[in-house]
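Subject: A structure for you to look at

Hello,

Here is the structure I promised to pass on to you. Please open it first, and then read on for what turned up in it.

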Amino acid sequence: TQDLGTVLAGGCGILGNPNTYAVLEDLQEAVQRIQSQSKTYCIVPDFSAHWIQSRAHNPLPVDWPQNIELPTAALQSRVEERLNGSRGRMVVLVQKFKTDYLAQGIVSMDDSFKIVNFVTQNFRKVDETRYFALYE
């Protein structure tokens, strides 16, 4: 296990498996790259913990844009409108894996998340890291 404090603000003392550490390290590097371009960012569909002590403000109206948090068309639409309204100023980080399997390994993301489908179908992929695709 590894202390997540070096890759997650507020994570000091939280021990994580090597996969979790690698993903958070990759996320940290992607965020630094985006911020060096003076752009904001959001992360879908997981990583609500990122925002707890982040210096950045989450531009989305929800920290965890999962289907369970967006059960109605109106709520889904609210997030989609925010994404559309931030074009050109924000990078959307889309995870390429399922977080609930990180302890066992890296399992590819499926198409079950509505917000991920919206981003991948309506935005252009501009970059990627090992664990995230970046869309604008």
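Let me begin with one definition: two rings of Phe, Tyr or Trp (for Trp, the six-membered ring) count as a pair if their centres lie within 6.5 Å. Please also keep in mind that this is a predicted model.

**Aromatic rings**

By that rule, ring pairs join Phe-47, Phe-97, Tyr-131 and Phe-132 into a cluster. In total, the count comes to six aromatic pairs. One of them is formed by Tyr-41 and Trp-51, which are stacked, with 5.1 Å from centre to centre and 20 degrees between the planes. This pair links distant parts of the chain: Tyr-41 belongs to strand 3 (residues 40–44), while Trp-51, ten residues apart from it, is in the loop between strand 3 and helix 2 (73–85). Tyr-41 and Trp-51 are both buried.

Another pair to look at is Phe-97 with Phe-132, and here the arrangement is edge-to-face, at 5.9 Å centre to centre and 80 degrees between the planes. Phe-97 sits in the loop between strand 4 (90–95) and helix 3 (114–122) and Phe-132 in strand 6 (residues 132–135), so this pair ties together parts of the chain that are 35 residues apart in sequence.

How are the strands arranged? Four of them form an open sheet in the order 3-4-6-5, with mixed pairing. At the edges stand strand 3 and strand 5 (125–128); each has a single partner strand, so one side of each is left without a neighbour in the sheet. On average, neighbouring strands of this sheet are turned by 25 degrees against each other, direction ignored.

Strand 4 and strand 6 run antiparallel and are joined by four bridges.

**Backbone details**

Most residues other than glycine have a negative phi, and most peptide bonds are trans. Against that background, a few places are worth a look.

- The peptide bond from Val-44 to Pro-45 is cis, with omega near -5 degrees. Pro-45 is in the loop between strand 3 and helix 2.
- Phe-47, a member of the ring cluster, lies in the loop between strand 3 and helix 2. Its phi is positive, near 80 degrees. Phe-47 has 12% relative accessibility, so this residue counts as buried.
- Ser-38 also has a positive phi, near 60 degrees, and lies in the loop between helix 1 (18–35) and strand 3. With 70% relative accessibility, Ser-38 counts as exposed.

I hope this helps you find your way around. Do write back with any questions.

Best wishes

Technical notes. Residues are numbered from 1 along each chain as its sequence is written. This is a predicted model: local features need pLDDT of at least 70, side-chain atom pairs count only at pLDDT 80 or more; totals for chains, interfaces and linings use all residues. Side-chain values use heavy atoms; hydrogens and water are left out. Rings of Phe, Tyr and Trp (its six-membered ring) pair if their centres lie within 6.5 Å; planes under 30 degrees apart count as stacked, over 60 as edge-to-face and the rest as tilted. Helices (H or I, at least four residues) and strands (E, at least two) are DSSP runs, numbered from the N terminus. Buried means under 20% relative accessible area, exposed over 50%, partly exposed in between (1.4 Å probe, protein chains only). Two strands pair if DSSP finds at least two bridges between them. Axes are lines fitted to C-alpha atoms, for helices over the stretch in contact, and angles run from 0 to 180 degrees between N-to-C directions.
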